[in-house]
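Student: I would like to go through this model step by step, asking at each point what the wording rests on. Could we begin by looking at it together?

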Amino acid sequence: MKRQKLENLLDEMWRDYLNLNPEVRGIYELFQAVGENVVNDHIALRTFNLEKTNIKRLAKPFKDCGYEKKDTYHFKGKKLYAEHFEHREAHWPKIFISELLVGEFSEKTQEIIEKLVSQMDEGITKADHFVCSGRPWDLDSETYKKLLEVSEYAAWVAAFGFRPNHFTISVNALKSFDDVEDVNKFLKAKGIPLNTSGGEVKGSKEARLKQSSTLANLVSVDFSDKTIEIPGCYYEFAKRFTLPNGKLYQGFVTSSADKIFESTDQKERKKG
């Protein structure tokens, strides 16, 4: 029963992700076309650390299906905190949930975010599909821009609500690509722009994890006053390395993840 419940939830998250980001399907199919069986390493979610929307709320449906918290992460510059979860059965993707530390922002910014969250029906947070339910509040473009001035992360959550921020292809499971650099070369040859913040490859063999990601494509978002194009979601690629005990490292590297977050940053798009 729990297995089917988890399969349904992950499938719903994947469909939501593809609907918002149709170019991801094209990337997925590029790997399939060269004979790869694409395996998902992890799924990332973003939220605010308020009572209705904190990590505990988003993690509940996963914990109900056998996931356990494994580690915590702090991103002081971006004012974020995160946790990652793993299932007892290792073939299921890891879940990485980050939250904005709202209380560390100005009273004006706190008021904007709290006003948005106050519009939420408490019941929606208790539904399993809450993690891919979208934006549950009204938002105008000027409020979005005000948040964008202080935190790209805050503006993204305000605009898109609750849904996967990215899925991640496991490079370890690929047959034709030995490392992240090979994946990047393949993608660039297809004209797919990559996040270059901190370099195209984040991390190292010594850190036990290498990562790269596409830049989030612009998507049309309906605000209460107008429709504008803003960065949506992105696709990530991760190569994990062996620990001294012979097992693959399963955690995340804060300095690398900090730069991966910037895959949805409009300033990254302007670099290109």
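Student: Which helices and strands each supply at least two residues of the lining of the largest pocket?

Tutor: In this predicted model, those elements are α1 (2-20), β1 (40-48) and β5 (164-170). The largest share of that lining, four residues, comes from α1.

Student: What volume does the largest pocket have, and which of its lining residues are the closest to its centre?

Tutor: The volume is about 420 Å³. Of the 16 residues that line the pocket, the closest to its centre are Val-38, Val-39, Asn-40, Pro-93 and Phe-167. By residue class, the lining divides into eleven nonpolar, three polar and two charged.

Student: Turning to the helices, why is α2 called roughly perpendicular to α7?

Tutor: The axes of α2 (residues 22-33) and α7 (residues 180-189) come within 12 Å and cross at roughly 115°. Angles of 65 to 115 degrees count as roughly perpendicular, and therefore α2 is described as roughly perpendicular to α7. The crossing of these two helices is right-handed.

Student: How do you know that α2 and α7 meet, and which residues are involved?

Tutor: Contact requires heavy atoms within 4.5 Å, and on that criterion Ile-27, Leu-30 and Phe-31 in α2 meet Val-183, Phe-186 and Leu-187 in α7.

Technical notes: Residues are numbered from 1 along each chain as its sequence is written. This is a predicted model: local features need pLDDT of at least 70, side-chain atom pairs count only at pLDDT 80 or more; totals for chains, interfaces and linings use all residues. Side-chain values use heavy atoms; hydrogens and water are left out. Axes are lines fitted to C-alpha atoms, for helices over the stretch in contact, and angles run from 0 to 180 degrees between N-to-C directions. Angles under 35 degrees count as roughly parallel, over 145 as roughly antiparallel, 65 to 115 as roughly perpendicular and the rest as oblique. A crossing is left-handed if the near helix is turned anticlockwise from the far one by less than a right angle, and right-handed if clockwise. On a 1 Å grid over the protein atoms alone, a cavity is a set of points where a 1.4 Å probe fits but cannot get out, and a pocket is an open set with protein on both sides within 12 Å along at least five of seven lines; lining residues have an atom within 4 Å of a point. Grid points are joined across faces, edges and corners, and a volume is the space filled by probe spheres set on the points. Ala, Val, Leu, Ile, Met, Phe, Trp, Tyr, Cys and Pro count as nonpolar, Asp, Glu, Lys and Arg as charged, and the others, Gly among them, as polar.
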